Amino acid sequence: MGSSFSVLIPQFSSTVTKQNHSSLGDLPESCVASVLVYMDPPQICKLSMLNRAFRGASSADFVWESKLPMNYTSIIQRVFAGRNFPANLCKRDIYAMLCRPNSFDGGSKKVWLDKRTGRVCMSISSSGLEITGIDDRRYWSRIETDESRFKSVAYLQQIWWFEVDGEVDFPFPVGSYSIFFRLQVGRASRIFGRRVCNSEHVHGWDKKPVRFELSTSDGQQATTQCFLNEPGIWKYHHVGDFVATGSVEPMKVKYSLTQIDCTHTKGGLCVDSVLICPVEFTERLKQSF
């Protein structure tokens, strides 16, 4: 009896040893992929380096389709109109391509997906805006700078009637968005590698506030105003918010910046771009001031 029991012990120990050798790599890829759906893209990319099972699961189309905007095909058609979008890309590669800043409308606009959330962000350059007097060098000039995403800004020297308008037609995914003008009072330059601000032309912004307005094709409107101060600092000035309902037709959004009191001139302002981003990104912009 005792000998029979002793014979069973090695067999039982061998079974336990084999069970202890199981690892994450033994999980089926389908199970791993079902878990990855609930993680954000950066986490998925990190986990893909664990082992072969995670690497395979992280490439599953249904994982990355859940991260793409519902209307991502409409976004591709709008941004890559007239250009060849690579065919037969897996959903992971489509996501990666849309996360890059993609230019459209002659390079005056750029759109990208936030890598972590997959939410749409857009930037419109000063060359994509209608600026009163922009072609008259007595009032405006174009300045090349590395401080702009578009490598150049519009610089106002002096003018009586200050007006900047713009609009965009785009299939914004469902959600709430904020619009900002990126402006700087004064003209920045570098002297011996040090950034300095030239305030030579700065005047008139302390007399009356500038007015920001937005309107959408479905009737939404917003208006704000503020004084422009703090020379030498790029600031995002909030225009207002709008809600995209994800309708089939692209939404037209108009935005403007004005100071049209002709009792005084104003000048010394850099206009870089307009930013459209999800409302929840506002805190990020505050930290960048």
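## Salt bridges in close-up

**View 1. Arginine 138 is exposed, with a relative accessible area of 59%.** Exposed means over 50% relative accessible area, buried means under 20%, and partly exposed lies in between (1.4 Å probe, protein chains only). The side chain of arginine 138 meets that of aspartate 136 in a salt bridge (2.6 Å, N to O). A salt bridge is a side-chain nitrogen of Lys or Arg within 4 Å of a carboxyl oxygen of Asp or Glu. This is a predicted model: local features need pLDDT of at least 70, side-chain atom pairs count only at pLDDT 80 or more, and totals for chains, interfaces and linings use all residues. Residues are numbered from 1 along each chain as its sequence is written, and side-chain values use heavy atoms, leaving out hydrogens and water.

**View 2. Aspartate 261 and lysine 208 form a salt bridge through their side chains (2.5 Å, N to O).** The pair links distant parts of the chain, 53 residues apart. Aspartate 261 sits in the loop between β14 (251-259) and β15, and lysine 208 in the loop between β10 (194-198) and β11 (210-216). Helices (H or I, at least four residues) and strands (E, at least two) are DSSP runs, numbered from the N terminus. Aspartate 261 is buried at 17% relative accessibility. Lysine 208 is partly exposed at 41%.

**View 3. Arginine 119 meets glutamate 280 in a salt bridge between side chains (2.4 Å, N to O).** These partners lie 161 residues apart and link distant parts of the chain. Glutamate 280 is partly exposed, at 47% relative accessible area.

**View 4. Salt bridges link Arg78, Asp105 and Lys109 in a network.** A search of the whole structure finds eleven salt bridges.
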